[in-house]
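Subject: Handing over the structure

Hello,

Here is the structure that I promised to pass on to you. Please open it next to this email, and then read on for what was found in it.

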Amino acid sequence: MKTFEEAEAFFYKDRFAHDAADIRIVEFTDHSAKCKLDIQDKHLNGMNQVMGGAIFTLADFSFAVASDAKAVSSSCNITYLSATKGKSLFAEAEIKKDGRTTIFAEVKIYDDLGKDIAFVTINGIRVLPKD
């Protein structure tokens, strides 16, 4: 993606992340992205905490944006650190290795109160050629 508007238009088509989870792109650069999820009732589990799947979706989507949609996740490891008391979650994804066939990223999830919520590592398989 060359511009923020092009990225938004492309990732708007990710119906689960955009429509069902209401995740939005905050910013992105080459090899990094920041995305936001405003916590709603639909994101909560039976214990009235943000569902792990919502947190994981935020991480996976931010990886997709950081990789410029050139890779899909092949394996992931998520460590949940804490429950949030905030109103929003943020994911900051950074591509650590951008290889010919694989991409590796780290994703930090934190809330609007500055509390670390989860840490994710993602291995991705390149689906589009490297520039």
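Let's begin with N77, which sits in strand β3; helices (H or I, at least four residues) and strands (E, at least two) are DSSP runs, numbered from the N terminus. Before going further, please note that this is a predicted model, in which local features need pLDDT of at least 70 and side-chain atom pairs count only at pLDDT 80 or more, while totals for chains, interfaces and linings use all residues. Residues are numbered from 1 along each chain as its sequence is written, and side-chain values use heavy atoms, with hydrogens and water left out.

Is N77 buried or exposed, or in between? Its relative accessibility is 45%, so N77 counts as partly exposed; buried means under 20% relative accessible area, exposed over 50%, and partly exposed in between (1.4 Å probe, protein chains only). Leaving aside neighbours within four places in sequence, N77 is in contact with F119, V120 and T121, where contact means heavy atoms within 4.5 Å. N77 and I125 are 48 residues apart in sequence, and their C-alpha atoms are 15 Å apart in space.

I78 is also placed in strand β3. With a relative accessible area of 22%, I78 is partly exposed. Which residues does I78 touch, leaving aside its neighbours within four places in sequence? They are I55, F56, A118, F119 and V120. Between I78 and A59, which are 19 residues apart along the chain, the C-alpha separation is 9.0 Å.

**A buried serine in a loop**

S67 belongs to the loop between α3 (52-66) and β3 (71-80). Its relative accessibility is 6%, which means that S67 counts as buried. Apart from neighbours within four places in sequence, S67 has contacts with I95 and I103.

**Charged pairs**

Side chains of opposite charge can pair when their charged atoms come close. A salt bridge is a side-chain nitrogen of Lys or Arg within 4 Å of a carboxyl oxygen of Asp or Glu, and by this rule the count comes to eight.

One of them joins D98 and R126, with the closest N and O atoms 2.1 Å apart. Because D98 lies in strand β4 (residues 88-98) and R126 in strand β6, the pair ties together parts that are 28 residues apart in sequence. D98 is partly exposed at 23% relative accessibility, whereas R126 is buried at 11%. Salt bridges that share partners also join D22, R24 and K42 into one network.

R24 has a relative accessible area of 36% and is partly exposed. In another salt bridge, the side chains of K96 and E94 meet at 3.5 Å, N to O. K96 is partly exposed at 44% relative accessibility, and E94 is partly exposed at 39%.

**Cysteines**

How many disulfides does a search of the whole structure find? The search finds zero, a disulfide being a pair of cysteine sulfur atoms within 2.5 Å. C35 is in no disulfide, and the nearest cysteine sulfur, that of C76, is 15 Å away. C35 is buried, with 0% relative accessible area, and C76 is partly exposed at 34%.

**An aromatic pair**

Rings of Phe, Tyr and Trp (its six-membered ring) pair if their centres lie within 6.5 Å; planes under 30 degrees apart count as stacked, over 60 as edge-to-face and the rest as tilted. By this rule there is one aromatic pair. It is formed by F90 and Y110 and is stacked, at 5.6 Å centre to centre with 20° between the planes. F90 in strand β4 and Y110 in strand β5 (residues 102-111) are 20 residues apart, and the pair links these distant parts of the chain. F90 is buried at 15% relative accessibility, as is Y110 at 14%.

Happy exploring, and do write back with any questions!

Best wishes
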